[in-house]
Amino acid sequence: MGSGVYSATKHAVGAFSESLRQELFARHVRVSLVEPGATDTELRSHNRPEFVSALMARLGDIKRLESEEIADAVCYLVTRERHVAINEILIRPTQQASPNISPSCP
């Protein structure tokens, strides 16, 4: 199963976030990129069965992140002092080997 478009989109979002951060820093606007790994969300029900099967084969029975764990990371970002900028947070399950797994995995 190819993931070229997904990978390209992730890269584009990262580049856009960095550009936006550089454009807005003088206005004290912080731009942060949260990159969740395999997360247990309702999005899995929106995927085609063959995609779900492929994800299950890649992820096996690892414990996926919960949406509350991602929300905790976002809360951390937005509650830092004004002079603190956290540009990126990559958060994924300890057992997830590859960052190139869709966050909408089952």
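This is a predicted model: local features need pLDDT of at least 70, side-chain atom pairs count only at pLDDT 80 or more; totals for chains, interfaces and linings use all residues.
Residues are numbered from 1 along each chain as its sequence is written, and side-chain values use heavy atoms, with hydrogens and water left out.

Val13 belongs to helix H1; helices (H or I, at least four residues) and strands (E, at least two) are DSSP runs, numbered from the N terminus. Although Val13 and Leu33 are separated by 20 residues in sequence, their C-alpha atoms lie 8.4 Å apart in space. Gly14 is likewise part of helix H1 and is partly exposed, its relative accessible area being 21%. Between Gly14 and Leu33 the separation is 19 residues in sequence, and the C-alpha to C-alpha distance is 7.0 Å.

Ser17 is also located in helix H1. With a relative accessibility of 13%, Ser17 counts as buried. The side chain of Ser17 reaches the backbone oxygen of Val13 at 2.9 Å. This is a polar contact, that is, a pair of N or O atoms within 3.5 Å; within protein, one atom must be able to donate a hydrogen and the other to accept it, and residues adjacent in sequence count only if both atoms are side-chain atoms. When neighbours within four places in sequence are left aside, Ser17 is in contact with Val31 and Leu33, contact meaning heavy atoms within 4.5 Å.

The chain as a whole contains three helices and four strands. Read from the N terminus, these elements follow the order α-β-β-α-β-α-β. Of the 106 residues in the chain, 25% are buried. The chain exposes about 7,200 Å², of which carbon and sulfur atoms supply 56%; accessible areas come from the Shrake-Rupley method with a 1.4 Å probe, and for residues only the protein chains shown count as cover. Among contacts between residues at least 6 apart in sequence, 82% join residues at least 24 apart.

Charged side chains were examined next. Side chains of opposite charge can pair when their charged atoms come close. A salt bridge is defined as a side-chain nitrogen of Lys or Arg within 4 Å of a carboxyl oxygen of Asp or Glu, and by this rule the count comes to three salt bridges. One of them joins the side chains of Glu18 and Arg21, with an N to O distance of 2.6 Å. Both residues lie in helix H1 (residues 4-24), where Glu18 and Arg21 are three residues apart, about one turn of the helix. Glu18 is partly exposed at 29% relative accessibility, and Arg21 is partly exposed with a relative accessible area of 22%.

A salt bridge is also formed between Glu50 and Arg48, whose closest N and O atoms are 2.7 Å apart. Glu50 counts as partly exposed at 48% relative accessibility, whereas Arg48 is exposed, with a relative accessible area of 54%. In a further salt bridge, the side chains of Lys63 and Glu66 meet at 3.6 Å, N to O. Lys63 is exposed, its relative accessible area being 59%, while Glu66 is partly exposed at 30%.

Two further residues concern segments outside the pairs described above. His28 is placed in the loop between H1 and strand E1 (33-36). Its phi angle is near 60°, a positive value in a residue other than glycine. His28 is exposed, with a relative accessible area of 52%. Gln96 is found in the segment after strand E4 (88-91). In contrast to the exposed His28, Gln96 counts as buried, at 5% relative accessibility. The side chain of Gln96 reaches the backbone nitrogen of Ala38 at 2.7 Å.

Technical notes:
Buried means under 20% relative accessible area, exposed over 50%, partly exposed in between (1.4 Å probe, protein chains only).
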